[in-house]
Amino acid sequence: MLVVEDENVLADAIAEWLRRESFAVDVAYDGDAALERLGVNEYAVVVLDRDLPVVHGDDVCRAIVDAGGETRVLMLTASAAVRERVAGLALGADDYLTKPFALVELSARVHALTRRSRPAAPPTLRRAGIQLDPARHEVRRDDRHVALSRKEFAVLAELLRADGAVVSAEDLLERAWDEHIDPFTNVVRVTVMKLRRKLGDPPVIETVPGAGYQIR
């Protein structure tokens, strides 16, 4: 997801909070930088401050809506006036949050928008004896609790959401890490290796040579 906020401290705090919940987060500090990232990456959710420098948040929102796709917009504003909220929603924003706000509320709204940005999925993901509960950040295999790091959890969630299809290393890198990750890193392979060890035998994550990984 993308956080667009010109108050650097607030932007970084939001990004760090969401990363702790296993989201891959990019940050932009003005509207022009946001449009540049939106032209390169696909985001499930954009947390968008309305009053941005260089390019106004309203124009960024219009660009997202005009591009089509499934990106959801959570608009932030310092104004609590009803007319401001109505105007923001009229632009195409999916949700609206007034500053100051609690980070726990923001993350709850982001989770809700994320569910709307992809096809409906059961609250708990299940496959091959694995149960992953995104809300509780809990993984079990055959009723045994499995402790995972944030990135291991995020990778496993993507493999389970694929419902048996192959997920490429590139897709896992894009969905579970942010834009600063080295595209030539072996971090996906290492994370999958650790996942296999923690999930135990028999192995459930298969490597498909030249294609990626899958859980049948």
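Contact, as the word is used here, means heavy atoms within 4.5 Å, and helices (H or I, at least four residues) and strands (E, at least two) are DSSP runs, numbered from the N terminus. The model is a predicted one, in which local features need pLDDT of at least 70 and side-chain atom pairs count only at pLDDT 80 or more, while totals for chains, interfaces and linings use all residues. Residues are numbered from 1 along each chain as its sequence is written, and side-chain values use heavy atoms, with hydrogens and water left out.

Helix 3 can be read in the same manner. Its buried residues are G57, D58, V60, C61 and I64, and they cover an arc of only 160° around the axis, which puts them on the same side of helix 3. An α-helix has 3.6 residues a turn, so residues three or four places apart point the same way. What covers the buried residues of helix 3 includes helix 2, strand 3 (45-49) and strand 4 (72-77). Just after helix 3, G68 takes a positive phi of about 70°.

The next topic is helix packing. Two packed helices are described by the angle between their axes and the distance between the axes; here the axes are lines fitted to C-alpha atoms, for helices over the stretch in contact, and angles run from 0 to 180 degrees between N-to-C directions. Helix 6 (residues 150-161) packs with helix 7 (residues 169-176) at an angle of about 125°, their axes being 10 Å apart. That makes helix 6 oblique to helix 7, given that angles under 35 degrees count as roughly parallel, over 145 as roughly antiparallel, 65 to 115 as roughly perpendicular and the rest as oblique. On the side of helix 6 the contact is made by K151, A154, V155, E158 and L159, and on the side of helix 7 by L172, R175 and A176. The residues of this contact divide into five nonpolar, no polar and three charged, where Ala, Val, Leu, Ile, Met, Phe, Trp, Tyr, Cys and Pro count as nonpolar, Asp, Glu, Lys and Arg as charged, and the others, Gly among them, as polar.

Helix 6 also packs with helix 8 (residues 187-199), at an angle of about 85° and with the axes 10 Å apart, and that makes helix 6 roughly perpendicular to helix 8. K151, E152, V155 and L156 in helix 6 meet T191, V192, K194, L195, K198 and L199 in helix 8. By class, this contact has five nonpolar, one polar and four charged residues.

Not counting residues up to four places away in sequence, R141 touches A128, G129, I130, V146, L199, G200, D201, P202 and V204. R141 and I130 are eleven residues apart in sequence and 4.5 Å apart in space, C-alpha to C-alpha.

Some of the backbone deserves a separate look. Most residues other than glycine have a negative phi, and most peptide bonds are trans. A cis peptide bond, with omega about -5°, joins D201 and P202, and P202 is in the loop between helix 8 and strand 10 (205-208). Another cis peptide bond joins K99 and P100, with omega about -10°, and P100 lies in the loop between strand 5 (95-98) and helix 5. A128 has a positive phi of about 55° although it is not a glycine; A128 is in the loop between strand 6 and strand 7 (130-133) and is partly exposed, with a relative accessible area of 36%. D143, also not a glycine, has a positive phi of about 70°, and D143 is exposed, with a relative accessible area of 60%.

Definitions and conventions
Buried means under 20% relative accessible area, exposed over 50%, partly exposed in between (1.4 Å probe, protein chains only). The arc is that of the directions from the helix axis to the C-beta atoms.
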